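Me: I've got a protein to go through with you. Can we take it piece by piece?

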Amino acid sequence: MRTRIALSLVLAAAAAAVAVPAAADAAREPYVAIPGAVGPGPAKYNRVFVHQFGSPRASRVLVLVPGYIGGAGDFTQLARQLIARVPDLQVWALDRRENALEDTSVFRTGTPQQAYDYYFGLKANYIDGTRDTPFARGWGLKLALEDLRKVVLKARAGGRRQVILGGHSLGASTTAAYASWDFNGHPGYRDIKAMVLIDGGLLGSFSHPQLATVKRRAAAIRTGDPFVTLFNGLPPWSAGVFAELAGMYAKRLPGAASALQASPVVPASLKPAVRVTNQAALGYALDFRTSLKALALIQVDSGRLAQSGDPRPWQNTGLTPIGNVASGFFQEPGNFVEWYFPAKLTLDVDGADALSRNSITNYLGLRTWHRAEINVPLYAEQTSLTRGNVLRGARRLFRSSRIPRATYVNVPNSHHVDPLLAAPSKNVFLRTVVPFLKSL
């Protein structure tokens, strides 16, 4: 019989806090390339990347897909907490094929000042999508799911291991699309044991476009930049570089006066009016109280500027300590914010919203044909971002499928990135997904 697990019951069964080492052991957390599907462009781009956490001998693998402009680094802190709490689990965090376009060389090896000079001095090997990678206009949902299936099948190891598929934001939407996708007669849900949707999904979770709008967007992609731009007037790579450089300063020189506050390159709207530390500059830019609406997809509840001090420090009064934000945004390999996110992927995920054959999926060539047959357990968590639409979409998926049981978790006081970076003692997602994973 189908059951819904109430949040109160899940919290009662939550796992006790487990101490996790702060420093990563690179030998135990390999970042590996996996051959992907054959797609538009040179063959060297037919690969994706996976950051692996936990024992390769685990019988279950949680594959996590990042969201809009997200990367494998979204899940580093969460993955370490999960493998410490859930026995016999390995976590694979995905970096899509477009990550191969990033020049992260100085982030990997340099100092904050060297990184500032290299990236803001325009010495990096930046991609001009229209000129250098026009083929990326074809990097849509079909290719992303074919790449993802290569990862899922690799994780399954010929059926010797079970795979739970999950994702954050657009990655959760990708998860729902995968389960309903037709891979040349093979439904995606047959590859997986369960689904974990972190503040995302389909069936109205984010958008429900009209065909005319889809056609206009498709026409713009055919002649425009293959990649989305988060900041108007700035190139696509700017969001990823800004985020990682701010994280680097906040992690390496947390209490020093902000080096980015005086930078003419950083938009004035991201700068506080008083002199602040590197940590405080990062907090001001990303905490929901002071952040721009345009940055809603990377906002957290971290705290506020101190009332005094020169430079003013940051006060951790929210769910996510600013140190977690700095460590999240500055990490290599596998960073937190993708530099080049394909516009076609965004369009296709929006177009797949109904998870059915319709005029939009026919126009875009999307094969979301098996929603009614999906028969694996579902976990869905939502923050304040969509004002209830994520769980409404999850319930629609439950009602219109053969999903045997579903866990719905609403955390209205959290923001979109809090489930990934919040302090474990305050992270409702962590506390509720652990018993779900243990129950499989």
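Me: What do the buried residues of α4 pack against?
Reply: They pack against α3 (105-109) and α9. Helices here are DSSP runs of H or I with at least four residues, strands are runs of E with at least two, and both are numbered from the N terminus. This is a predicted model, where local features need pLDDT of at least 70, side-chain atom pairs count only at pLDDT 80 or more, and totals for chains, interfaces and linings use all residues. Residues are numbered from 1 along each chain as its sequence is written, and side-chain values use heavy atoms, leaving out hydrogens and water.

Me: Which residues of α4 are buried?
Reply: In α4 (residues 112-120), they are Pro 112, Ala 115, Tyr 116, Tyr 118, Tyr 119 and Phe 120. Buried means under 20% relative accessible area, exposed means over 50%, and partly exposed lies in between (1.4 Å probe, protein chains only).

Me: And what follows α4?
Reply: Leu 122 does, and its phi is positive, near 60°.

Me: New topic. Which residues touch the most other members of the largest nonpolar core?
Reply: Leu 82, Tyr 119, Val 196 and Leu 437, out of 139 residues in that core. The largest share comes from helix α9 (residues 238-252), with 9 residues. A nonpolar core is a set of buried Ala, Val, Leu, Ile, Met, Phe, Trp, Tyr and Cys residues joined through side-chain atoms within 4.5 Å.

Me: What is Leu 437 in contact with?
Reply: Leaving aside neighbours within four places in sequence, Leu 437 is in contact with Arg 60, Leu 62, Leu 82, Val 86, Leu 89, Ile 164 and Val 196. Contact means heavy atoms within 4.5 Å.

Me: At what angle do α2 and α16 cross?
Reply: Roughly 45°, and the axes of α2 (residues 76-85) and α16 (residues 428-438) come within 10 Å. That makes α2 oblique to α16. Axes are lines fitted to C-alpha atoms, for helices over the stretch in contact, and angles run from 0 to 180 degrees between N-to-C directions. Under 35 degrees counts as roughly parallel, over 145 as roughly antiparallel, 65 to 115 as roughly perpendicular, and the rest as oblique.

Me: Which residues make that contact?
Reply: From α2, Leu 78, Gln 81, Leu 82 and Arg 85; from α16, Phe 429, Leu 430, Val 433, Val 434, Leu 437 and Lys 438.

Me: What about α8 and α12: parallel or antiparallel?
Reply: Roughly antiparallel, because α8 (residues 211-223) and α12 (residues 343-351) pack at an angle of about 165°. Their axes are 10 Å apart.

Me: Who meets whom there?
Reply: Val 214, Arg 217, Ala 218 and Ile 221 in α8 meet Ala 343, Lys 344, Thr 346, Leu 347 and Asp 350 in α12.

Me: How many residues of α12 are buried?
Reply: 9 of its 9 residues, so α12 is mostly covered. Its buried residues pack against α6 (141-156), α7 (170-180), α8 and α13 (359-364).

Me: Last one. Where is Gln 52?
Reply: Gln 52 sits in strand β3 (residues 47-53).

Me: Is Gln 52 buried or exposed?
Reply: Gln 52 counts as buried, at 13% relative accessibility.

Me: What is Gln 52 in contact with?
Reply: Apart from neighbours within four places in sequence, Arg 28, Glu 29, Pro 30, Val 32, Gln 90, Val 91 and Trp 92. The C-alpha atoms of Gln 52 and Trp 92 are separated by 4.6 Å, though these residues are 40 residues apart along the chain.
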